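Please read it alongside the model.

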Amino acid sequence: MAFQKTLLALCIAAGLAIVGGGVSAAEQKAKAPTTPGGKAAYTRQENFKQQGAVFKAIRDELKKDAPSMALISTSAVKLKNSADALPTWFPKGSGPESKYATDAKPEVWTDPVKFASAVKRLQVEATKFQTIAASGDIGAMRAQSQAVGGTCKGCHDSFRVPEEK
Amino acid sequence: MAGERLDTPKVRAKLWDGPTRIVHWALVILMGFAWWSVEANQTEWHLWAGYGILGLILFRLIWGFAGSASARFTSFVKGPITTLAYAKTLSRRSAGDMAGHNPLGGWSVVAILAAILSQVVTGLFAVDVDGLESGPLSDRVSFETGRLFSKWHDLSFTAIKLLVVLHLSAIAFYALHKRANLIMPMITGYKSFETDPKLRFAPLWLAALGAGAAAAVTWWVMKGLRL
């Protein structure tokens, strides 16, 4: 009997761990920012979500056999503007010290030169993409979209807390 | 329990057919490979592993309805009363003469298959944070929904890891407490029985047909549900 109870307890513990993990993740998201730093972190996340959505729209379009040129060139402009605005999304105090759930590493602020050059890479590649998008060469657009994504990844690898896998 | 009678001559009989064993071990290899490849940032390989796993799971589901007796869901998915009755006999030091999954093991199979299926499906819609490597169906959802699928993909993997630990613990328990080797039959397909269970096995052409169907659906999903 003792064995079955242990087994049951283990199963319940495992179940609770899964549910608990989900709830704590949801809680983190729901917490509204109150401080200026927290608000800036929140705005930054919204901006990145929009940038992600714009880039995804480009990538999704380029997956198609006949991508819409209009959609791509509009998105390319949005992407470039977003990349240009990006440096303003990281005011001092909006890092981990803001107590708002952020994946921005302190290195964004402690190594500003390296961070600025990582951002610059995105701006350069996004500008190139805009030019190529205007040319209508789909193959070149596909290749350049990889280059743009590579700069996202390059910056994330150094300045964003890695995701749990 | 028949298992306690040492004077009875044992008969070696086939328990698990080839397709079931291949699916089992291929899943072990591909799940391990998928885990390794994502940790190593080899997302393209991770996607290939995912397609392989999708094909295997689809085949296993087909085989669970149309395959050999010991692989069929109807042969091992039992109701709560039977499952509870079996659970009460767990502490006995004999595994009995059951041909195939016991009622608890049956539910473990269902749970693992469900977890792997949810792992694959969440992966199909997942969007990575760089927007570079995304699931083949991610263009059907928004960026934020895709990111959410990515989180569920992660959560679902935690569930798989827990189920694998439970699976391995159960195998260790049967080996140590009940002196029953569950691993060898899954490798060779054969097990010793008190009496030959005379299981019915599905023909190879049916396995080929099922594999073809699973591969076709997987191909279709890979192509983003476009023909």
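Predicted model: local features only at pLDDT ≥ 70, side-chain atom pairs only at ≥ 80, totals over all residues.

Residues are numbered from 1 along each chain as its sequence is written, and chains are lettered from A and ligands numbered from 1 in the order in which they are written.

**Cores**

A nonpolar core is a set of buried Ala, Val, Leu, Ile, Met, Phe, Trp, Tyr and Cys residues joined through C-beta atoms within 7 Å. Buried means 20 or more other C-beta atoms within 10 Å of a residue's own, exposed means 12 or fewer, and partly exposed lies in between; C-beta atoms are placed from the backbone. The largest core has 25 residues, and Ala34(B), Ile53(B), Leu54(B), Ile57(B), Phe59(B) and Val120(B) touch the most other members. Helices H1 (18–39), H2 (43–66), H5 (103–125), H6 (143–176) and H8 (204–222) of chain B each supply at least two of its residues. H2(B) gives the largest share, 8 residues. Helices (H or I, at least four residues) and strands (E, at least two) are DSSP runs, numbered from the N terminus.

Beyond its neighbours within four places in sequence, Val120(B) is in contact with Gly50(B), Ile53(B), Leu54(B) and Ile57(B). Contact means C-beta atoms, placed from the backbone, within 7 Å. A second, separate core holds 22 residues, among them Ile58(A), Val108(A), Phe115(A) and Ala126(A).

**Strands**

Strand E1 (residues 11–14) of chain B pairs with E2(B) in the antiparallel sense over 4 bridges. Pairing takes at least two DSSP bridges. Arg12(B) has Ser192(B) in E2(B) as its bridge partner. On E2(B) (residues 190–193), Lys191(B) and Phe193(B) form the covered face, Tyr190(B) and Ser192(B) the uncovered one.

**Helix pairs**

Axes are lines fitted to C-alpha atoms, for helices over the stretch in contact, and angles run from 0 to 180 degrees between N-to-C directions.

| Pair | Axes come within | Crossing angle |
|---|---|---|
| H2(B) and H8(B) | 8 Å | roughly 140° |
| H3(A) and H5(A) | 9 Å | roughly 160° |

The axes of H2(B) and H8(B) cross at roughly 140°. H2(B) is therefore oblique to H8(B). H3(A) and H5(A) are therefore roughly antiparallel. Angles over 145 degrees count as roughly antiparallel, under 35 as roughly parallel, 65 to 115 as roughly perpendicular and the rest as oblique.

In H2(B), the residues meeting H8(B) include Tyr51(B) and Trp63(B).

How values were computed
Contact = placed C-beta atoms within 7 Å.
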